[in-house]
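Welcome, and please open your viewer. We will go from stop to stop, selecting a few residues each time and looking at what is there.

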Amino acid sequence: MIKLFTDSDLDGIGCGLLAKLAFAEVNISFCSYRNLDERVSQFLQSEEANGAMLFITDLAVGQEVEQQLAERAKRGGHVQVIDHHVTALHFNSYPWGWVAPEREDGKKTCATSLFYDYLVREGKLAPNETLDAFVELVRQYDTWEWEENGDLQAKRLNDLFTILGLDGFWETMSERLASGEAFALTETEELLLDMEEKKIQRYIRQKQKQLVQRWIGDYCIGVVFAERHLSELGNALSKRHPHLDLIALVNLGTKHIGFRTIHDNVNVAEFAKQFGGGGHPKASGCFVDDTTFPLFVIETFPLAPVYGDAEQNQLNKREEAEGVFWTNHQGQWWLSRQTEQGWTWYADGGEARTFPDEAAGERWLKRQFAAGLAYDAAVLEFLSVRLGRDKDAIQADYPSAVKQYKHQTGIE
């Protein structure tokens, strides 16, 4: 008997599809970190475990089950753990563990690519162009190299999995990989994916308006409640809010929190470790429990969203010589302008702070106050109240209105 425990994401399913091709009969359990230990432990105590070849891919068991696996291997039972997460590197201390986040040439791996190499090396699977193409797409998506390389087919493969679900994707890919024909998506699938991409972009725009931020330790974190398109959402929010160290995506339905970052100096795998989780340096996760629920749900729920930068302003633009207005959802306002000392941010009715360059000042403002470049309509309303003037008059001669505001507030 061949028994495989693997993750239920694209990478984990890729391992399952390869196992189905490699072995005449294979029993596959698609798991998560939450139920992996329980399922593996139950299997080890069952009669069917005797004489079975046991594989675990793309997931790492906890210490207790790890010891059970070690004892099984010591008794001569088959165990093979294949993973690519840095948090699972300790399995390399066992002869039955193979964890490699990167190949010798520095190329990032995924569980599917490692399992493919293993099956080919062991003579269980003959390589071909169909499998090579499929495995590479899975690898590029799981490592997010597809974005660097511009290989949208890798992302679209995962989008297809999202649309079809596990069972539908499994059936479709099982037939396609066994055919031996060149691997490609059909015209119908491409049409479905075009529609799905539009839905994803709408979802991202919706969730961007709900993003809140808070500090946990030394990290300024964006938190959003989301249940769909988590990888795409986390990546998009990270790019649109680069002042945030990482994004936390809270899925209360699955009781899971995903962490994403675009910064090389932030390791979200290490961040997740403190909550009993793990993963990749730029993509990791943990579960919602007694520790994380207060931090990421209770304490963040009442926070006002981050004020997203206005993107199509005609008046309040970054290059405005008289100064640029910033605000947040708490009603705080700032004016920034270049001075002899650098770039200065003047709080409305408060203190001024000067930074060596504009980027440093903007990063400080956003991290400390969740502020953003104010929309024209908001600026006109603000100046109308502060100056006691009609908004149409302010809009007609906007630079002079900004000068009047500066004179009124004592800004040089």
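**First stop: a pocket**

Select helix 5 (129-143) and helix 6 (145-149): each of them supplies at least two residues of the lining of the second largest pocket. Helices here are DSSP runs of H or I with at least four residues, strands are runs of E with at least two, and both are numbered from the N terminus. The second largest pocket holds about 570 Å³ of space.

A word on terms: on a 1 Å grid over the protein atoms alone, a pocket is an open set of points with protein on both sides within 12 Å along at least five of seven lines, a cavity is a set where a 1.4 Å probe fits but cannot get out, and lining residues have an atom within 4 Å of a point. Grid points are joined across faces, edges and corners, and a volume is the space filled by probe spheres set on the points.

**Zoom out**

This is a predicted model, where local features need pLDDT of at least 70 and side-chain atom pairs count only at pLDDT 80 or more, while totals for chains, interfaces and linings use all residues. Residues are numbered from 1 along each chain as its sequence is written, and side-chain values use heavy atoms, with hydrogens and water left out.

With the whole chain in view, you have 15 helices and 16 strands. The C-alpha atoms fill a box of roughly 85 × 45 × 40 Å along the principal axes. Of the 412 residues, 51% are buried (under 20% relative accessible area; exposed is over 50% and partly exposed in between, with a 1.4 Å probe and protein chains only).

**Salt bridges**

How many salt bridges does a search of the whole structure find? There are 23, each a side-chain nitrogen of Lys or Arg within 4 Å of a carboxyl oxygen of Asp or Glu.

Select Arg214 and Glu299, whose side chains meet in a salt bridge at 2.7 Å, N to O. Arg214 sits in strand 6 (residues 212-216) and Glu299 in the loop between helix 11 (292-298) and strand 12 (324-327), 85 residues apart. Arg214 counts as buried at 16% relative accessibility, whereas Glu299 is partly exposed at 39%.

Next, pick Asp245 and Arg367, a salt bridge with its closest N and O atoms 3.2 Å apart. Asp245 is in the loop between helix 9 (230-240) and strand 8 (246-251), and Arg367 is in helix 12 (residues 358-369). Both residues are buried.

Now select Asp309 and Lys366, which form a salt bridge at 2.6 Å, N to O. Asp309 lies in the loop between helix 11 and strand 12 and Lys366 in helix 12, so the pair ties together parts 57 residues apart in sequence. Lys366 is buried, at 9% relative accessible area.

**A cavity**

Stay with Asp309 and Lys366: both line the largest cavity, as do others including Arg240, His241 and Tyr307. About 30 Å³ of space lies in this cavity.

**Last stop: Arg337**

Select Arg337 in strand 13 (residues 333-339).
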